[in-house]
Protein chains: 2
Amino acid sequence: VSAKSRGSIGIVGGAGPFAGLDLHAKILAETAASQDQDYPTIFVISQPELITDRTAYLQGKTSKNPATAIADQILRLEEMGATVAAIPCNTAHAPAIFERILALLREGGSRIQLLHMIMETRRHLQAHFPAISRVGVLSTTGTYSARIYPTMLIPAGYEVLVPEKATQEQSIHPAIYNPVYGLKANGYATDRARLALEDGILELIDKGAQAVIMGCTEIPLAFNRNKPVGTTLIDPTRVLARALIYKADSAKLKPKNSTQTETSSQK
Amino acid sequence: VSAKSRGSIGIVGGAGPFAGLDLHAKILAETAASQDQDYPTIFVISQPELITDRTAYLQGKTSKNPATAIADQILRLEEMGATVAAIPCNTAHAPAIFERILALLREGGSRIQLLHMIMETRRHLQAHFPAISRVGVLSTTGTYSARIYPTMLIPAGYEVLVPEKATQEQSIHPAIYNPVYGLKANGYATDRARLALEDGILELIDKGAQAVIMGCTEIPLAFNRNKPVGTTLIDPTRVLARALIYKADSAKLKPKNSTQTETSSQK
């Protein structure tokens, strides 16, 4: 099989920059390989300056839809040779943004396969956690207010739990966005950011969550090394990484059980 | 200042895939930023399948010069908008490969600024370690046999120390290349790979090295978290990351002393 007959992966890497890097890292980690040449072809455009903040757009703080820059970048990834692409940003999957991206891709004559992070996560839950019905979600305030996960999961029979509004606005969103201690400013979790997110997870467990979705692509940065105990953490970035490999070249996907996709502590 | 007036960074990411990822990560880590939009524009092409193994080419095991695919990828990065680029692979800087890349870029009418990893590392040593004159180098056998670092450092007045041939071939190269325990197969250091590299560092210290250059871009993967003690470790990938940011948008470069570029233990 020549290189040309296989698919290539495109990553919209600037929303945010560390989430793009994390998706790229997880694609490599989920690939079965023994030498450089075994890894799939990956194209990354990380041009964050042109992509308006997704939450700011959803909250009406800017009228510039980030969809425009994202769709442009997907079209350029396709020109490079990408056959399948993803946007490692949950908030960009709010219908006000994602549907505009799809419309712009259609207008641009795109034939790329754009994966839907939230839909892939729902499929992952259904396939691998059939016993779970109450799911918690931690996210940006954009994803929270747009109710991206509830809209997608409730029709599939899930009960979806989110933090109280005060927790969301005073604790979870700042853990991601604060210019000093937030994940986006540092690319890793400061103690303050990690504590805020762990408190959020505990609140969701108290509400009855059997699993918690890390519903902002920066959140896994806090838990890639130090896993909180007491729940199953779902990482949509890793789910997306595996879906991208599968679509590009399914033979390169590591078997599911050889990777640690979730952390579960049966307490 | 608009986005267009600043430079953009291109990464030839497939030689090898983890080295490309590591360079991208170090660019983000060395950027002064408080929000997504502050990060520089980065384009990555990681297409390892098309790039022949550099050491295999230098050893005559294949007649296909990896320069062809690398130059093609740099031209495509330039088309994307990259104004400055780098190849995070020391072995690709052997004259037999690097000079061919430069010739192909000239033929292709390229105007991109291609940084030279080894030259940047020499400059870094001169600027930041003026007291050091005996430098050890750990590398692939390709870089070792092509004497890439000695050729560049000796004329600048350095004494360059490398492992004994047996250590190089039986221990250092396999730590990078072994399909089971090597860095390229795993993207991190297995215990066996790390021990082999640490033994190599000790051998270089015994020979009198005052600093050790991690002269293969996979080697820092073994020491990004666990630093060996007893010497100053020079990371050409981090040096390259800082040089790329400086060329693309110098205002975004973190001050040197706010980052841990080297590990030094004064024992």
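The model is predicted. On the side of chain B that touches chain A, α1 (17–29), β2, α3 (67–80) and α9 (183–186) each supply at least two residues.

**Salt bridges.** I found six salt bridges across the interface of chain B and chain A. I noted one, between Asp36(A) and Arg54(B), with the closest N and O atoms 2.9 Å apart.

**Area.** I then asked how many residues each chain brings to the contact. Chain B gives 38 residues and chain A gives 38 residues. About 3400 Å² is buried between the two chains, and carbon and sulfur atoms give 54% of this area. In chain B, Asp36(B), Gln37(B) and Glu49(B) lose the most area to chain A, together 20% of what that side buries.

**Sheet.** I traced an open sheet of eight strands with mixed pairing, in the order β4(A)-β3(A)-β1(A)-β2(A)-β2(B)-β1(B)-β3(B)-β4(B). I marked β4 (113–114) of chain A and β4 (113–114) of chain B as the edge strands, each pairing on one side only. In chain B, β1 (residues 9–12) and β2 (residues 42–46) pair in the parallel sense over four bridges. Ile9(B) has Ile42(B) as its bridge partner in β2(B). I also saw helix α12 (residues 236–249) of chain B lying across β1, β3 (84–86) and β4 of chain B, at about 170 degrees to β3(B).

**Confidence.** I read ipTM 0.90 and pTM 0.92 for the model. Chain A averages a pLDDT of 92, with 94% of the residues scoring at least 70. Over residues 258–267 of chain A the pLDDT is below 50. Where pLDDT is low, the predicted coordinates should not be read in detail.

Notes. Residues numbered from 1 in each chain as written. Chains lettered and ligands numbered in written order. Predicted model: local features only at pLDDT ≥ 70, side-chain atom pairs only at ≥ 80, totals over all residues. Heavy atoms only, no water. pLDDT = per-residue confidence, 0-100. Contact = heavy atoms within 4.5 Å. Pairing = 2+ DSSP bridges. Axes fitted to C-alpha atoms, helices over the stretch in contact; angles between N-to-C directions. Buried area = accessible area lost by both parts, 1.4 Å probe. Salt bridge = Lys/Arg side-chain N within 4 Å of Asp/Glu carboxyl O.
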